[in-house]
Each structure stands twice: as structure tokens, then as C-alpha cells.
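Colleague: Could you show me how to read burial, helix packing and pockets here?

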Amino acid sequence: MTYTVAVVGTGANPDDPDTDGFAMAYRHAGAYSRLDSCSLTACADIIPENARQFADRWDIPDDNIYTDSVKMLEAIEPDIVSVCVPPHVHADVVISCAETGVMDAIHCEKPMATTWADCQRMASTCKRAGIQLTFNHQRRFGKPFRQAKKRLDGGAIGSLDRIELGGKNLFDYGSHLFDLCGFFTDQAVAKWVMAGIEYSEENVQFGAHNENQAIAQWQYTNGVNGLASTGDGGIVDCQMRLLGDDGVIEIGGSEAPLRIQSGGKWRTVNTGGEDVHGPSESIFDAAKQKLSARLPGVSTETARPETFVDRAIADVVDALDTGREPELSADNALQATELIFGCWESARRCGRVDFPLEITDNPLEAMVENGELLSASGQ
């Protein structure tokens, strides 16, 4: 069957992305366009020019361009909706979509939402409505991470003892990394977390607060420990490090996208030209040159190699088609996000936080607004 797809929150043209907007809708649309089972039929954005530009790019009819997402859903009744608005309005848009009851699946950008209550509200609303809700933690589908999981499961480093994370922050960037922790631990549940944060300069990305630096420690029910260090000068000098009782797997370090240490020696693992973000520029260029030589005039969209987002959305659609649990399920996203909010709550309490998390707000945002943390203005 063919699934009709609509996009909410097209964003501006993504030629020059920054921390105010990445126009992920274009990446979602590119992924759907590669699937014979999907047809992109409508879009909505509160800025009419953005919606029209997106529609022109993806050949969406003028009658199917909207500034009101609810009106679009009621008129079009798509099977799948991609939500690409900023995180602080994820919950409102996802829930309003779900309450129309006209679609089978919602695929939302990450992070989930800016309060813990909203994260849970989105998941429960969609579950009650029988809607498949997923979040775009696409790195799960990258070869460095897939290859690492394959070797971990194959016993290359023995039993997993600890996972270490290094990145820009816990929320926006860290959302991927905490989700990958679930991937590597087979979705083990966290027992507790302790964390400290630093916020001496305002750090807002995509409309949401992120700490400048953090250090966090946690433990899963299966005994695996976690350590995260974010910001400049962090002590974890790679994206992820998996430490076992018989070796180490390092992902996204300065030496290689993926390498393994066993018997005291490091060896690099071939990831097919992919790093932690996706195919390298050389892979893109080679694909374009190959297609241009064979079929002059064909669009570069057709020429580009498969990205992590392509694989993520292909899994979302396949899960809907087969009725299985998608890898990017709301339940998996909740596990990752609970750890993030738990880190911030630990910093607010100045103590350990046990799970399940018993808060509803955003601890970091609350501390900033209450003046408990310094901002760039010194307030």
C-alpha cells in the first residue's frame, strides 16, 4: 500500500543551518521520497513563505499548503505525520495531531519535549489513540554504532561494565547519546543518577536551555554503569566508549569513527565511509559524480547516498507496515529522556535521584528562570 505523508513545521531552506533551525523537515522529506510506499502530500508551517518553499521543493500542490496543522490534517487525513517544529512545541503539536485521530503514525524530531510531563503526555496520548509514535534518534542506524553493537554482542570486549559519553550537552546533543545507551544495553532501565552542571552563560539551542558543562554518573538495573561529561574540557574524549571486562570499543574519537582495543592493541573497524553523523563528504561527492556521468541532469537528491535519517524513517514505515515495535519507539525515547531530566534534577537537589522520576517540569529551565544559575547577563 501507499502511505500518504504530511509534514508539520517545514522550517526555512536548510542551506545554512544553525542552532535556531536545521529545517529537519527537508531531511524527513528526502527519506520519504526514497520509499516507494510513501507519498508526500501536504505540509504546514506558521510562516507561509517557508511552507510554500518546501512545497515547491517537494512538488506538493498549492491546495495542500497550510499554516494551520489541524486544518491540514482534517482536510488531508494523512497516514503518517512528521513533526519538525522546535522541541518546546513538540508536545502541543503531537497531541493536537493525535487528537484529530486521522493518522496511523507520528514521527517527531528529537529531543522529545522540554518538560518531563509533556514527554509522558505525548507518549500516553498516542498510545491511547493507537498511533505509532517515534522520535528521530537516527544515529542508531549509523554504521559506527551498528558495527559497535554487533561486536559488543559478539563478545569482542567481554561483558559490558560501563558506558562513557562525551558531547556538547545533555539535552540537544546528548539526546542521541542517551538513546544509544539504551541501544547498547538492550533498553536496560536506569536505577539512579547523580550529576552536576554549570550554566554561567546562556546556552539556548532550538529554543531550549542546555547546560554549558555537566558531569553525570548513573547505573542500570543490569549493573552497567554510565558516565557522561559535556561541554568544553570534558573528560570523555570521544562520543561514546564501551568498556568491557576484556576490552574497549571507542566510537567517534579523534583516531577513527570506530576502533576496538583488545589484548592491549587498538584496531580500526571499517564503517564504509560513515562517521558518527553520516556518510562522509567524499562518499556524497563520489555518488553524485557517478550518477552525473551515467544520467546527466538527474537531481542530486537521487544521487545522494543513504543517510541515517533515511534508514530511521524506513524503519518507522516498515514497523507501521508489519505491526512490529519500531526501534525509535516513544518508550525507548522516554528511557533516554528520563535520564537527561534526572541529571538536571540531581543538580537541582544536589543529590542522587532514584528512578522512576517524580517531577513534571524542566529542572534546568526552572533553575535558570528562578535565578539559581547565572546567565550571560549575570542575572
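Colleague: Which residues are buried in H1?

Modeller: This is a predicted model, where local features need pLDDT of at least 70, side-chain atom pairs count only at pLDDT 80 or more, and totals for chains, interfaces and linings use all residues. Residues are numbered from 1 along each chain as its sequence is written, and side-chain values use heavy atoms, without hydrogens or water. Buried means under 20% relative accessible area (1.4 Å probe, protein chains only). In H1, that holds for Met24, Ala25, Tyr26, His28, Ala29, Gly30, Ala31 and Tyr32. Eight of the ten residues of this helix (residues 24-33) are buried, so H1 is largely enclosed by the rest of the structure.

Colleague: At what angle do H1 and H2 pack?

Modeller: Two packed helices are described by the angle between their axes and the distance between the axes. For H1 and helix H2 (residues 48-57), the angle is about 25 degrees and the axes are 11 Å apart. That makes H1 roughly parallel to H2 (angles under 35 degrees count as such). Their crossing is right-handed, meaning the near helix is turned clockwise from the far one by less than a right angle.

Colleague: What volume does the second largest pocket have?

Modeller: A pocket is an open set of points on a 1 Å grid where a 1.4 Å probe fits, with protein on both sides within 12 Å along at least five of seven lines; lining residues have an atom within 4 Å of a point. The second largest pocket has a volume of about 220 Å³. Its lining has 13 residues, of which Lys127, Ile131, Gln132, Leu133 and Glu325 lie nearest its centre. H5 gives the most to this lining, with three residues.

Conventions
Grid points are joined across faces, edges and corners, and a volume is the space filled by probe spheres set on the points. Helices (H or I, at least four residues) and strands (E, at least two) are DSSP runs, numbered from the N terminus. Buried means under 20% relative accessible area, exposed over 50%, partly exposed in between (1.4 Å probe, protein chains only). Axes are lines fitted to C-alpha atoms, for helices over the stretch in contact, and angles run from 0 to 180 degrees between N-to-C directions. Angles under 35 degrees count as roughly parallel, over 145 as roughly antiparallel, 65 to 115 as roughly perpendicular and the rest as oblique.
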